[in-house]
Amino acid sequence: MARRVYFREIYFYLICLVAIIIFIVGIVMAYDGAIDYLRPTTYMTRSSLIPMYQEMQRDLTDEELDELVEEEI
């Protein structure tokens, strides 16, 4: 005799599947967050900031430029 499949069982398995997917996504996001916290991605580098400051204020010395760049980074 064949076993009947109830709506309640199908609903239970779908909810379990969704919970497992949410759990996996949470683990991946926590891993990415930990990696970003330990080694943040920065797009501000010395070579990209110095020309910007040189254009804005032409009368800065090299020491002042280095100080501004270090403060920004």
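Helices are here DSSP runs of H or I with at least four residues, and strands are runs of E with at least two, numbered from the N terminus. On that basis, the chain in this predicted model reads α-α-α along the sequence, with three helices and zero strands. The radius of gyration of the chain is 27 Å, well over the 11 Å that the globule rule gives for 73 residues, so the chain is more spread out than a compact globule.

Burial and surface come next. Of the 73 residues in the chain, 5% are buried.

Part of the nonpolar surface can be traced to named residues. V5, I10, L14, L17, I21, V25 and M29 together make a nonpolar surface patch of about 670 Å². One of these patch members, M29, sits in helix α1, which covers residues 7–38. With a relative accessible area of 58%, M29 is exposed, because the cut-off for that class is over 50%.

The chain carries 6 positive and 13 negative side chains, and 31 Å separates the centres of the two sets. A negative surface patch brings together D59, D62, E63, E64, E67, E71 and E72. Within this group, D59 belongs to the loop between α2 (46–56) and α3 (62–72). The relative accessible area of D59 is 67%, so this residue is exposed.

A search of the whole structure returns one salt bridge. This salt bridge links R3 with E9, and their closest N and O atoms are 2.9 Å apart, which falls within the 4 Å cut-off for such a contact. The two partners belong to separate accessibility classes: R3 is exposed, at 63% relative accessibility, while E9 is partly exposed, at 23%. The value for E9 can be read against the class limits, since buried means under 20% and exposed means over 50%.

In short, the predicted model shows an α-α-α chain that is more spread out than a compact globule, with a nonpolar patch that includes M29, a negative patch that includes D59, and a salt bridge between R3 and E9.

Methods:
Residues numbered from 1 in each chain as written. Predicted model: local features only at pLDDT ≥ 70, side-chain atom pairs only at ≥ 80, totals over all residues. Heavy atoms only, no water. Patch = residues over 30% accessible without salt bridge, like charges linked within 9 Å, V, L, I, M, F, W, Y side chains within 5 Å. Areas by Shrake-Rupley, 256 points an atom, 1.4 Å probe, with all protein chains shown as cover. Salt bridge = Lys/Arg side-chain N within 4 Å of Asp/Glu carboxyl O. Buried < 20%, exposed > 50% of the residue type's maximum accessible area, 1.4 Å probe, protein only. Lys, Arg positive; Asp, Glu negative; His and termini not counted. Charge placed at Lys NZ, Arg CZ, Asp CG, Glu CD. Rg over C-alpha atoms; globule rule 2.2 N^0.38 Å.
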